[in-house]
Amino acid sequence: MRTSRPAAPRRAPERGAELVLHARPLTACRRRRPLPPAHQGRRRRRGAAPRRARARAMRCLRAAAGAARTGVRALASASSASPAPTPAADAGTTADAEAAAAERALTLQRRWFEESPVYYSNYPLDRAAEARRDPERVAAWFGAPDARVTPVDGGRVLVRDVEQQAQQAQQAQQAQQAQQAQQAQQAGGDCSGADGHAAPGVAAPRLAPVWACPAAALGAELDGRVPPLFLGLDPDSGAPHFAVQVSRGGAGALADALGARWESARAAGPELSRGDASLLATAAGLAAWNLDAQHSGRAGAATAPRDGGFARRCTASGASLYPRVDPAIITLVTAGHDHCLLGRKPEWPPGRYSTLAGFLELGESLEQALAREVLEESGVAVELASVRYEASQPWPFPRSLMVGFYAAAAEATSGDARDATAHLSHEGRMAMIDTGLTPAEVADALGDARYLQRPVPQEGELEDVRWFHRDWLRWAVDQGADPSLGPRVSPAASPEGFVIPGPYSLAHRLIRGWLDSANGGAADARAAPFGAVPQVAIDPGVQKYVLLRVSDAAGSSKLLVRGAAAAPFHNDVLQAAKAQLDAVFSRGHGLRVEVLGGGRLEHDPGARRVAVYGYSAAFGPAVHEVTAALVRRWAPLYDDVTCSYQGY
């Protein structure tokens, strides 16, 4: 006896589950397939059985269709419920989506151009990379009446002074009004799309690039080895912008004819607006690469330009060549909360110090390259786990990318940093008790200096490398360690002064970011209200000095070292220091000055040497180890700072 199989329970598809439907539409299931003639009668003879089979098939199809509709509704509710578009509507929707995406990309590009604090990253044009592959379109743009062209000579760019540029722009505008719009004319001023303003912290631009509009107005002999370099489209007007390589013989004549001068893109960059600096640096780097890539390095065959100058093709193998970008790391190495490592190269201007940097080697990660470069250039070991990315910067001189990091140096020695008094001599510990100097103040003065690795400059790479304390470096960057201000302001200034790279550099961003960070610890917070007060002010020669604690009603405090060669007594030094502090702070500030002993200083700026010794008959001996540590902090370029409790 045949029994009917119980129907399986229906299961609705899970929410969000992917549905796979058969390719055959439901209408095809209802259409009966014609049978061969030998079998056509069989269908008629089956009678009710075929009808029941067809009914079961239809029920299954309807169930499948219902399940499909349920799944579609589930998927639609998970994303967005909308009716299926017609083909025409689908094409319109796709075009609208593409237009919206392009508008969003343009908005983001403009926002990045306006807000990016990294110099050379404020590219003002729409690069239109997809259009580079159409040589006919690029050629048509180059010949367009609104095309703007700037000449380059390898790594050099043609610039004018801003005032001269403004005058010539006014003259060009007057000439344009008098002539036909189609007539070629000289056009000056910033590139359309460049804002003409300097980046935050950068001085107003003093140079501006030379532009010609249309291209035929340039009137210069071009170098046929380099094609017109398509830089992009103005995001507002859509005007195409190009750079052209002038011939060597015609470069000087062109500059004379236009009343301009050739400058290296790297030297001119800080004097340009941020948009122009990004644009000209890219143009110069691209022109230099095209000149260097005239032949394939693999086949030796000549290469032909393509993609608006952003690529070349080997005429023998057909292989494509692209500009190589050489990544390099640049890092500020710190020790504890208060010290950072800076070095200088012998070819740099006198007194200039910067962060350490170097190129990657094959098979290295960025972190490994950082640790290797720091160790090679300074002998300082870095904790790899401490490496932290900060920012990157295009550096197309000719084609590099600077990747900026912070990193912490490994501790030089082991020990308890809280037990700073163990590093004092017996006389120093007795003076600490007598004067009321606290262990926290001793620890702050000696601080990280007890655990710093001794840097050794690499021969042939660095002329000098050393640790700089946060307090002195912040003061030097904010105020300027200018020798003309006198040794009382900054005994640490070298004979040529002290300077770090300008705000256009990633090194400046790393240094300034570290100085402005709120990670200086409790001691830094205690001294915050007195940040503008130099911690050490001494005269050249032999002099009496006092160690002071200045504090306010809020509990903030700072140790000061004050010396005066002309003062006959230690109390005279104290009174002069009080008068200087009163001139800086108002009487309502609740300023309090305490004497923590004194002694003598012998300061020789020429030899960069300071000797701390002796005592004060009026105030007793100061803790000379603390005084010497503060002098080292505020005289980072001095290599000979000693202390002794002998003598008077």
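At roughly what angle do the axes of helix H12 and helix H17 cross? Keep that in mind while you get set up. You're looking at a predicted model, where local features need pLDDT of at least 70 and side-chain atom pairs count only at pLDDT 80 or more, while totals for chains, interfaces and linings use all residues. Residues are numbered from 1 along each chain as its sequence is written, and side-chain values use heavy atoms, with hydrogens and water left out.

**Stop one: colour by confidence.** The protein's mean pLDDT (the predictor's confidence in each residue, from 0 to 100) is 79, and 71% of residues reach 70 or more. Select 60–83: pLDDT is below 50 here, and the stretch has 18 contacts beyond near neighbours in sequence (contact means heavy atoms within 4.5 Å).

**Stop two: the helix pair.** Select H12 (439–446) and H17 (624–634); their axes come within 8 Å and cross at roughly 40°. Helices here are DSSP runs of H or I, at least four residues, and strands are runs of E, at least two, numbered from the N terminus. Axes are lines fitted to C-alpha atoms over the stretch in contact, with angles from 0 to 180 degrees between N-to-C directions. Now show side chains: Val-442, Asp-444, Ala-445 and Leu-446 of H12 meet Glu-625, Val-626, Ala-629, Leu-630 and Arg-633 of H17.

Strands pair if DSSP finds at least two bridges between them. Two bridges join S10 (311–314) to S11, and Arg-313 sits opposite Ser-320.
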